[in-house]
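Here is my notebook from an afternoon of looking things up in a structure. Come and read along with me.

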Amino acid sequence: MTARWSNWRPASRETRDTLFMLAVIGWTIAPHVLRLAPWVGLLCAVVLMWRGSLAMRQAPLPGRWWLVAVLALAAGLTLWTERTLLGKNAGVTLLVVLMALKTLELRARRDALVVFFLGFFLVLTQFLYSQSFGTAVAMGLSVWGWLTALTLAHMPAGRPRLAEAATLAGRAALIGTPVMMALFLVFPRIGPLWAMPGAGARTGLSDNLQLGDVAQLANDDSIAFRLRFEGRAPPADALYFRGPVLGNYDGQRWRADAFTPPAIEAGASSGALPRYRYEMLLEPLRTPWLPLLEGTRRMPEANPPLVGLPAQPDADGQWRLPRPLAERVQLKAEADLQGPAAPQLRPFERRQLLALPNGRHPRTRAWANALRERPALRDADATALAAAVLQHIRSQPYVYTLEPGVYAGDPVDEFWLDRREGFCEHYAASFVIVMRALGVPARIVTGYQGSDFLPTGDYYAVRQSHAHAWAEYWQAGRGWLRADPTGAVAPERIRRSQALEPPPGLFGGALEAVSPDLRAQLRRLVEGLDNRWNLWVLGYGKRQQLDLLGRLGVQSPDLLALARVLVGLVVGAGLAGAIWAWFDARRQTPWQRLRQRIARELTRLGIEARPSDTLATLAARLRAQRGAGGDAAAQALLALERHRYGRPGRDGTPTGWWRDFRSAIGRARMVPAAPADPAAPR
């Protein structure tokens with residue numbers, strides 16, 4: 001073992017730089033590998049390890065035909081997995097593969113520059129998927145790595161240390177930071193010239209529902225939107241965020257209306273109803289429905305502005321956009337927590353909301369008919385019938401669970417009368433079917449219910465796991481009334497927002513084993529950082545820019561004033577750069593300044609000191625012109641030359657050298673100059 005380590009030699013400069021660049025590539029593409037097809041990660045790992053092995057052994061690179069064959073294979077696999085070679089995922093897949101393959105073609109400086117440019121472009125593509133604070137930090141480190149690799153490529157001589165190159169790259173980035181910050185603060189926010197369809201879309205509510213869909217969504221604890229109230233917040237059991245209203249039922253799936261019901265002019269709310277002003281930071285959505293707080297009747301303020309945002313909700317209380325929301329948006333609105341104020345139910349709507357498919361759920365419909373025949377309910381109105389159905393749920397051994405299992409046959413009959421285990425959509429769908437069988441128009445409403453209060457940021461987080469389904473039934477003279485059967489079987493879910501949580505994964509389980517609260521604390525910390533990042537950076541828009549100008553004393557801030565400030569900053573930055581360049585061109589090292597001070601002292605003594613003269617030449621000239629009187633100063637000059645250029649050479653000057661040299665020059669002035677010697681150095 002000792003003999004093996006005694007033969008170890010540090011890697012060559014080329015090997016070290018190649019391995020560093022491979023590490024930066026691995027860091028850059030790692031997030032993409034986690035979200036793309038599995039073969040992408042496997043192929044990239046094999047190629048990068050192959051390239052690292054070639055660098056360690058200093059072996060020749062493979063021929064181009066190998067690269068062409070692997071590239072053709074990658075293109076075929078991309079077409080097989082993505083069904084296209086166009087689009088976001090397919091394009092990113094090909095870029096990642098090309099980056100890995102290009103490392104096998106590093107034969108010239110031009111190839112290295114292509115790798116650098118590909119690396120910076122891949123950093124940008126990360127933000128097509130996520131713009132979180134964590135992504136920004138990770139890609140900031142990636143940019144620093146690429147700048148370090150680029151710096152090493154421009155330092156071809158010698159063997160510069162990685163720390164030296166990284167420091168130089170970081171210094172260059174810091175120099176450009178003020179310009180970047182100024183442009184971020186004042187560059188006018190304009191609409192995008194192009195957009196990636198669905199670039200920001202993620203999991204969320206859908207415009208249709210089948211039993212089990214919401215339970216699957218409840219396994220996702222990512223944040224759907226963040227909420228902050230001005231003043232007091234509503235109670236937890238009143239936090240219903242309205243999404244798609246599902247009234248069409250075919251026996252298997254519930255669907256929203258394809259058309260938008262006509263809007264009803266928002267009237268003045270009763271003075272007795274409390275109003276809640278709130279601010280919502282909404283993440284991208286997969287549907288065009290905005291899940292606003294129940295009872296939001298006026299158009300919210302949106303930043304950035306939303307194209308097609310209606311002035312008021314439609315007749316079903318829905319806020320529907322022309323297309324899904326593809327970017328994060330900040331909304332400010334007011335709600336009174338009341339449901340839609342529909343004045344009447346039109347005949348075709350009544351038929352639709354009473355319809356049940358023939359032959360479906362016969363046992364549940366028979367049970368509803370038997371309920372209707374009870375003497376106390378024969379003449380009951382819709383509210384009394386709804387109360388009876390909810391009382392049945394409370395009195396029977398129903399179970400609220402994320403994993404009810406697979407229902408064979410008729411799922412509603414089996415759930416309602418046999419197994420009685422289900423999630424919120426099981427209870428809402430069964431309730432609506434029973435109410436329709438009782439002759440009461442009813443429908444399902446999907447959205448979110450409840451929230452998690454995060455004290456670190458003083459806001460409420462509504463997660464995908466808060467996705468919920470509840471029911472509404474029609475009461476003549478009053479309109480639509482909410483009925484939430486989940487509250488009958490699991491009151492804590494509604495009253496305290498205690499949503500069911502799926503079992504933690506491997507990492508989450510390890511954290512909980514260390515400390516039961518550690519996982520929750522880390523999540524609150526990360527989400528708090530994300531919230532500040534979203535508000536202060538991603539949410540910084542035109543309104544914040546104009547507010548900044550107002551705080552800086554600009555009267556009547558507008559886009560023209562913003563443009564003036566931007567032009568002023570550009571001109572100021574140009575002048576500052578010119579001044580800095582002028583001073584930089586005249587900047588001197590400490591050694592150059594010391595040489596100038598020595599030359600000034602010798603000139604005052606009447607001794608010529610040219611910039612090309614060495615210290616030994618100056619010492620000889622000093623002795624020739626001052627004789628023994630200049631010997632001490634000459635000895636000081638020779639000592640300085642030995643200190644700097646001897647073995648080993650050292651920077652700076654010996655301690656007290658300048659004081660001793662000045663003293664020796666002073667003594668030399670007291671000695672008359674010696675007669676000129678023709679053989680003295682000139």
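Entry 1: I started with phenylalanine 117, which counts as exposed because its relative accessibility is 58%. My cut-offs are: buried is under 20% relative accessible area, exposed is over 50%, and partly exposed is in between (1.4 Å probe, protein chains only). Phenylalanine 117 lies in helix H6, residues 109-125. Helices (H or I, at least four residues) and strands (E, at least two) are DSSP runs, numbered from the N terminus. I also checked phenylalanine 117 against tryptophan 146: they are 29 residues apart in sequence and 9.2 Å apart in space, C-alpha to C-alpha.

**Ground rules.** I am working with a predicted model, where local features need pLDDT of at least 70 and side-chain atom pairs count only at pLDDT 80 or more, while totals for chains, interfaces and linings use all residues. Residues are numbered from 1 along each chain as its sequence is written, and side-chain values use heavy atoms, with hydrogens and water left out.

**Entry 2: a strand with two partners.** Next I looked at strand S5 (residues 276-282), where six of the seven residues are buried. I count strands as paired if DSSP finds at least two bridges between them. Strand S2 (residues 223-230) runs antiparallel to S5, and six bridges join them. In that pairing, arginine 228 has glutamate 279 of S5 as its bridge partner. S5 also pairs with strand S8 (residues 329-335), again antiparallel, over seven bridges. Here leucine 282 has its bridge partner in S8, valine 329.

Entry 3: Which residues of helix H19 (residues 542-551) are buried? I found Gln544, Gln545, Leu546, Leu548 and Leu549. These buried residues pack against helix H8 (162-186), strand S7 (301-303), S8 and helix H20 (559-585), where contact means heavy atoms within 4.5 Å. After H19 comes glycine 553, with a positive phi near 95°.

**Entry 4: the cores.** A nonpolar core is a set of buried Ala, Val, Leu, Ile, Met, Phe, Trp, Tyr and Cys residues joined through side-chain atoms within 4.5 Å. The largest one has 79 residues, and Leu290, Met435 and Tyr473 have the most contacts inside it. Helix H14 (residues 424-437) gives this core its largest share, nine residues. I then noted a second, separate core of 35 residues, with Val24, Leu48, Val92 and Ala100 among them.

**Entry 5: one more tryptophan.** Last, I found tryptophan 27 in helix H2, residues 13-35. Tryptophan 27 counts as partly exposed because its relative accessibility is 44%.
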